[in-house]
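Here is a short briefing to read beside the coordinates. Please keep the viewer open and follow the topics in turn.

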There are 2 protein chains.
Amino acid sequence: MDRKLILVTNDDGIFAPGLKALVNIAKKHGEVVVVAPNTPQSGMGHAITMNQPLRLHKLNHFEGVESYECSGTPVDCVKLAKNVLLKERTLDLCLSGINHGSNASINIIYSGTMSAAMEASLEHVPSIGFSLLDYSFDADFWQAEPFLDQLIESVLQNGIKSCNLLNVNIPKLKRDEIKGLMVCRQAKGHWVEEFKEGKDPRNETYYWLTGEFYCDDPGDDTDLWALENGYISIVPSGHDLTVHHAISQNSHLQINQHEPIGN
Amino acid sequence: MDRKLILVTNDDGIFAPGLKALVNIAKKHGEVVVVAPNTPQSGMGHAITMNQPLRLHKLNHFEGVESYECSGTPVDCVKLAKNVLLKERTLDLCLSGINHGSNASINIIYSGTMSAAMEASLEHVPSIGFSLLDYSFDADFWQAEPFLDQLIESVLQNGIKSCNLLNVNIPKLKRDEIKGLMVCRQAKGHWVEEFKEGKDPRNETYYWLTGEFYCDDPGDDTDLWALENGYISIVPSGHDLTVHHAISQNSHLQINQHEPIGN
């Protein structure tokens with residue numbers, strides 16, 4: 001049987017330890033190609049580079065793995081991998097991460113890690129984005145390894161049902177404390193933002209983003225619940241932002257030209 | 001009665017003609033404050049600036065309107081407006097745009113214009129993002145004015161039902177050719193990407209993103225259908241990316257720790 005072809009990317013950049021961990025996991029499941037940003041791109045959301053050219057350089061950073069650094073965003077990396085580097089081949093899976101911090105709840109929309117995975121899913125490649133709830137540089141990505149192995153193998157064998165994208169978040173726990181994998185929904189939550197105001201050396205005012213996250217969702221079927229209760233959360237995700245039940249409820253906004261309107 | 005307080009922002013930057021058009025429309029409906037990026041930010045998606053300080057400078061660019069340029073992304077602009085500049089006041093509405101080109105279908109996820117509006121909606125401010133299907137610098141934003149006036153007034157009076165965000169796209173038509181406003185869903189569509197490969201003056205290879213959009217959706221209840229048939233499209237939008245019906249269908253991915261797993 002042919003080996004599966006797996007694209008690995010991230011948003012923390014080609015030298016991030018989380019990428020190395022994910023490459024080492026991915027290598028067990030197939031042939032791996034890495035395309036990752038040459039600088040950290042946290043918080044880049046679904047940014048793409050349209051007004052500038054992109055650069056791509058081959059590196060020898062991962063033993064036995066073809067790898068490239070890219071001057072663009074995480075989404076650019078996926079587009080270049082799919083449409084330039086691997087144009088003639090069929091990608092079986094895209095893995096993005098492992099990110100530091102949470103991409104659960106509303107954090108998915110700010111996440112470059114998840115946007116890279118979403119971009120691959122839009123190109124019909126089953127994709128998984130991973131994040132570990134540990135911001136420290138020496139975060140231990142290995143505790144969850146057997147769970148991720150089993151998830152990746154299952155997706156390679158059976159695909160993802162009814163969508164093409166999984167948002168996977170991992171609690172900061174030892175291997176034997178992790179209760180398992182839970183398939184769940186995105187919790188409602190919000191950030192309360194603050195900006196630290198300061199003066200730079202030239203006495204100009206600056207603002208620096210900080211904030212605190214709040215869960216607004218009492219449900220026990222959410223990613224936040226799963227993580228708080230010792231499970232790795234898996235949210236099947238997509239890209240339809242329509243609030244479908246709001247369509248009929250906002251039908252009063254409709255206008256037809258034969259009804260008179262202002263001037 | 002108090003005048004309504006309206007935040008206006010965009011992703012094409014403080015000097016974009018589309019912003020000027022939107023400010024002039026917004027002024028008719030309330031007190032306007034503008035916070036917009038100091039450089040064009042097209043394709044920035046939901047990017048936020050976490051690793052750098054942000055700058056905010058007051059400008060006198062719009063007659064009778066308090067306005068600021070910001071060094072960050074469209075989402076940064078909204079966060080700074082809500083949490084610093086207008087911290088003590090209640091925002092009644094956020095308007096973003098008017099963007100050039102289409103934010104319909106899947107384009108919403110790449111759009112800085114829509115991300116700014118989405119950010120305000122996350123902060124409980126009813127928000128509308130606007131885009132005109134005309135890329136030219138001298139695009140005529142005025143043809144749709146009476147329709148936008150009526151929409152804005154309706155949202156100020158009655159809010160948006162069951163969500164807080166509208167994705168509004170405007171066809172490139174003369175006023176009397178516009179058939180009306182249609183409330184609809186986000187169409188399924190995809191981009192087929194290509195990269196123009198070239199050599200820079202130092203003979204280094206570069207790649208420049210280009211591509212073509214395809215509609216995958218035969219429905220007559222979509223934003224693409226509305227635009228092709230002469231309507232301004234309005235998609236009630238949110239930020240829940242969960243594919244809910246896929247949760248039960250992927251329950252085979254669940255693991256409980258008491259079941260044996262690899263090593």
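Predicted model: local features only at pLDDT ≥ 70, side-chain atom pairs only at ≥ 80, totals over all residues.

Residues are numbered from 1 along each chain as its sequence is written, while chains are lettered from A and ligands numbered from 1 in the order in which they are written.

**Confidence**

- For the complex, the predictor gives an ipTM of 0.90 and a pTM of 0.92.

**The two copies and their contact**

- The same surface serves both, as 100% of the contact residues of chain B recur in chain A.
- Each side brings its share to the contact: 75 residues from chain B and 75 residues from chain A, where two residues are in contact if their C-beta atoms, placed from the backbone, lie within 7 Å.
- On the side of chain B that touches chain A, helix α4 (residues 145-158) of chain B gives the largest share, six residues.
- That side of chain B has 39 nonpolar, 27 polar and nine charged residues; Ala, Val, Leu, Ile, Met, Phe, Trp, Tyr, Cys and Pro count as nonpolar, Asp, Glu, Lys and Arg as charged, and the others, Gly among them, as polar.

- Ten strands form an open sheet with mixed pairing, in the order β12(A)-β8(B)-β11(B)-β7(B)-β6(B)-β5(B)-β1(B)-β2(B)-β4(B)-β3(B).
- Its edge strands are β12 (255-256) of chain A and β3 (56-59) of chain B, each pairing on one side only.
- Helices (H or I, at least four residues) and strands (E, at least two) are DSSP runs numbered from the N terminus, and two strands pair if DSSP finds at least two bridges between them.
- β12(A) meets strand β8 (residues 180-183) of chain B in the antiparallel sense over two bridges, with B:Gly180 as the bridge partner of A:Asn256.
- Within chain B, strands β1 (residues 5-9) and β2 (residues 31-37) pair in the parallel sense over four bridges, and B:Leu5 has B:Glu31 as its bridge partner.

**Strands and a helix of chain A**

- β2(A) and β4(A) run parallel, joined by five bridges; A:Val33 has A:Glu66 as its bridge partner there.
- Strand β3 (residues 56-59) of chain A pairs with β4(A) in the antiparallel sense over four bridges, A:Leu56 being partnered by A:Cys70.
- Four of the five residues of strand β4 (residues 66-70) of chain A are buried, so this strand is largely enclosed by the rest of the structure; buried takes 20 or more other C-beta atoms within 10 Å of a residue's own, with C-beta atoms placed from the backbone.
- In helix α1 (residues 17-27) of chain A, the buried residues include A:Leu19, A:Leu22 and A:Ile25, and what covers the buried residues of α1(A) includes β1 (5-9), β5 (93-100) and α4 (145-158) of chain A.

Methods. Buried ≥ 20, exposed ≤ 12 C-beta atoms within 10 Å, placed from the backbone.
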